[in-house]
Amino acid sequence: MPYLGSEDTVRELRRHLSNPNVQSDPLRYRSSILKVIRAMSQGVDVAGLFSEMVKACATVDIVQKKLVYVFLCSYATLNPELSLLVINTLRKDCQDPNPMVRSLALRNMVNLRLPSLAEYVEQPLSAGLRDRAACVRRVAVLGWAKLHNLQPASEIDAAVVNELYGLLRDPDPVVMVNCLRALEEILKEEGGMAINKPITHHLLNRLGQLDVWGQCEVLRVLQRYRPQSESELFDILSLLDASLVSPHPPVMAATLSLFLVLCPDLPAVSFAALERVRGPLLAACGSASRETRFTALCHIQLLLRSLPGLMGAHYKRFFCGYAEPAYIKQRKMQVLVELVNDDNVAMLLDELRGYCTDVNADTAQAAISAIGRIGRSYSDQCLQILTGLLGLQQEHITSAVVQTMRDLVWVCPQCSDTVCSALEGCEETLQDSQGRQALLWLLAVHGERVRSAPYTLEGFIDGVRGEASPGVKMELLTTTMRLFVCRPAETQDMLGRLLHHCIEEETDMCVRDQALLYYRLLRCGMEETRRVLGGRRSEPSLGVLIGRPAEPISQWASSFNTLEPLKQGAGETETTGRASPQHVTFDLDSDLSDTLNSGAEELDYVCLEERIRCPAVPHCSPQSLQAAMQLVNIQTLAFTAAHASPWRVYLYTHAQQAARSALILGQLLYAGEDEDEDEAGLSEGPSPRGREEEVKVTLKQRPRDEKALQGFLSILTAVLHTLPFNTH
Amino acid sequence: MTKHFASTIAAMISQVFILSSQGDHLIYKDFRGEAGSDVVGVFYEKVTALTGDQPPVVMNHGDLHFVHVRQGGLYWVATTTADSSPFTLIEFLNRLAALVKDYCGSLCEKSVQMNFALIYELLDEVVDYGYIQTTSSDVLKNFIQTEAVCSKPFSLFDLSNVGLFGAETQQSKVAPSSAATRPVQSSREQGGKSEIFVDVIERMSVVIGSNGVVMKADVEGEIRVKCFMPSCSEMRIGLNEEFSIGKSQIRGYGAAVRVDECSFHQAVRLDEFSSSRILRLCPSPGEQTVMQYQLSDELPSAPPFRLYPTIERDSGGRLLMYLKLRCDLLPRSAAINVCVTIPVPRGSVSVSQELSSPDQSAELKLQSRAIEWRIPRFPGGTQLSALFKLEAPALGPAPLMEVGPVVLAFELPHLTVTGLQIRFLRLSPVQPGPSQRWIRYVTHSDSYVIRV
């Protein structure tokens, strides 16, 4: 066909369609109509041919009819008057002896989506419900739902609804499922159709006759049913057991959803169900369709949140295939990090190391930070790999390794020696600002142990004019200052040059302000400088939570089998956590605990100090404390190990108040035996309840809101009192 | 609790559309009239703007969710306004693509374009008002009236060089591979031409450590039946008697054929399975997967390929890679379409090679930073060697660490690694007229990794 503009195309097609010679030859007529549909699906506006197509509708050729209906349904809303002409043909077709013709007419009658035609449609639809051919009944049932949605304001016809309920017993399974769908739509305002005991058991009994799609539909509708007794619940669960291990992922997922909804109070049953779906889920992870594989991976991540050990023995199933796309590889690595244990760590790290040199830079970086995450528990093996990677001297790898080391050192200070010796010389390979910031941070914190640190800094300072990133400059200022504190002789000169440049020539306000701040600080004297800058490298007694404790299933049950887990960024940011400069500010600006303790200076921050009696807290396990806090939406930032003294917990929450939320920060402090010398050793003593320990609570909020604070305090007190008393 | 209520209301498809990889609109069908057709363009913009590591499967545009799969180089997209089950939507799109393939013969932009009327008809019957009605080809065959248009007339003697499952099979003695790529419906007027294909397909993924130890070996297999029978009768597929599922079960006296897990199509009757390993089913026209199985961590035989690499730097700064690759299959079998990918260090510019026979080829792909060594046919029990001299003026300090792992992709025709065989294939009652039954085996892998 020669290239024609859309108007020419339409004119040409019209000429064909209205040509009597064409009309008398069925094959030519059909092929002309085909051309119209083709133009339509390519996006050409062929609405102008409506009247010609209406004429073409009156034919005995079913293929032609179907084609014309495709056209009419697309353009009817633009031509309501002309569409009236079609309705007669359609109504006549509804009387046709051929059930296929009847169902076709009935379906398209409603698909025209014209509210004005409703009065002509109702009668054929009613007749359709009682048709002897199942294919007509299927169409008629859904037709009522379409009709209802066309006129949402109209009254619901109780007779129709009753008839639809009756058709749930239709011998044809698709009619039954369509009835469910139609009733759900028509009764949307009432919260959907009634799911009572007889209907539930009827549906369950017919589950075997349905295809995959029908089963999913029924399983979803049944989520609303609440069994009346425990024995009924278990009857239902045992009926569903076979679908739980169905080879069809949609059925398996829908069944598990139903299980989780039916027994939220029976964690043992839910956990058993999770164990049962392990096999089918793993099979879906190896499916030939990469989309199915991805979906299964995302859902496995959900399951692992509650049952971290679920896939431990199957870690090899999550090794990446060479030809897999990067997004699947990254998900697999996220899962692998969760599965690491003493037995598989060597294999797992070996595999991950292979990914570090992947051609795709994103995959390589994800692999490196996965190794860093594992390093929190297995630091020696991981550091060995990371150090080895530095030897490659490739910029993206070195950058990712240095960032990973920074994150690791903050959590595991025992790694710092290895990291310090590995850092020598890698500034030459680093190009991106993220990586250089990480390097500077490490030099700031452990600079006194890196022999070449002043030379490295000198290189940075010499190039500061050409530096584009303000982040790097600010980091550089801090690093030089901190290094000056511990190695003044080597750094004094370069610090002077840097401050001079940043104050006199720098255009970025943040950088300039920070330089001014440091300048004034230096004028206050060395002691003061040391006090402000000498923040912690990481709190040795403060273990930031490593493995997350298992969450209750209810946390994620409602998002299981929805699109939620598949969306971008739904993955745990923790596992791939890139840049975390908050470590720096948290550490350098002012230590959180210092601020909290030296309340006198900054009285406007500290809002509330209270002592609550709570014997259990200092001795309970971090996991149970965190789980208890999460129940009331309090997040734990960090805490010291149990039995450490002084024992601290940092926590925060978002207080909801009148459409805006405010952050509350809090600290729990238990000074323990130091405070009450005469009671020393009591916690191990035989009668610990003889005197109740007190925990000091300090809360911060800005702006201050007394009501929210008091509310928070009372919740906190309540939680602390519920904690189990756990002596080892 | 309210959240559960919300999620149970309606999980339907709003629109379905098929786009070519260039973004041409091939098929567009709106089932519920909830969103305009302009979302097609929105989708294409979004999907092409993604970087490689962003998961593309689900995307949002306002309240509308796009879920798509890629098959045959096309985008198959479903949109939905509700938070539907991703498993259902993806399975549906895959099934739709399979149906289109059954009805049009093959799956590509051209066949979809030529058969758009047929696809609209299919969509009309498969989905009504956004609800999936049926995807069974048994049911659909009664409704679909349009004949498929083939790009070239089908003939069994048309020995085109499209090989078994897309591979090159010059001397294949089984059915010509194009035999199964034809529309199911054409069997109707071809009358006597009734055929049935049973394919056993296994996908293998293996990791071999640098010391030659198999670190991971997974096999995923399936039995696919493709039926072109005008009237389908019952079919009995007999598997090896020794076939066992799970770790402990041992059957028969021959070499055990073992799989870890096994699942069957709904329509398969298993009453004779536990006693004599017979699957009974009435195949529907078109393609269906009758049985799927997996085997992990253990191969019943030696891994098919071994690599002996020697890599060194010569005085001129070049990297010399001497690779010996041995194929450990039985001498009567052969691997075909072997493609060996050898990642090379950054900074490599060119490669000169010495290969052991002229039909092999090798080239350096700069974009993927790897040498691709192609071997069209590799008989069992033989060994090939290759010498690559890599010019890399700016080599890093540890170039050897950047070499590898070597990845092989290949096909093994007439072979299953698990050893699964089909003993017999019986149709009862016996078909009138000539009917042909084909059994084909193939194992392929795109992830056979050997560490160096």
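Q: Is A:Cys179 buried or exposed?
A: This is a predicted model, so its values are computed from predicted coordinates. A:Cys179 is buried, at 0% relative accessibility.

Q: How many disulfides does a search of the whole structure find?
A: Over all chains, the count is 0. A:Cys94 is in no disulfide either, and the nearest cysteine sulfur, in A:Cys57, lies 11 Å away. A:Cys94 is buried, with a relative accessible area of 14%.

Q: Now confidence. Which elements of chain B have the lowest and the highest mean pLDDT?
A: Helix α1 of chain B (residues 2–8) is lowest, with a mean of 39. Strand β5 of chain B (residues 74–80) is highest, at 94. In chain B, pLDDT is below 50 over residues 1–9, a stretch with 14 contacts in the model beyond near neighbours in sequence.

Q: Where else in chain B does pLDDT stay under 50?
A: Over residues 187–192 of chain B, where the model has 8 contacts beyond four places in sequence. Where pLDDT is low, predicted coordinates should not be read in detail.

Q: What are the averages for chain B, and what does the model score?
A: Chain B averages a pLDDT of 82, and 84% of the residues score at least 70. The model has an ipTM of 0.84 and a pTM of 0.80.

Conventions
Residues are numbered from 1 along each chain as its sequence is written. Chains are lettered from A and ligands numbered from 1 in the order in which they are written. This is a predicted model: local features need pLDDT of at least 70, side-chain atom pairs count only at pLDDT 80 or more; totals for chains, interfaces and linings use all residues. Side-chain values use heavy atoms; hydrogens and water are left out. A disulfide is a pair of cysteine sulfur atoms within 2.5 Å. Buried means under 20% relative accessible area, exposed over 50%, partly exposed in between (1.4 Å probe, protein chains only). pLDDT is the predictor's confidence in each residue, from 0 to 100. Helices (H or I, at least four residues) and strands (E, at least two) are DSSP runs, numbered from the N terminus. Contact means heavy atoms within 4.5 Å.
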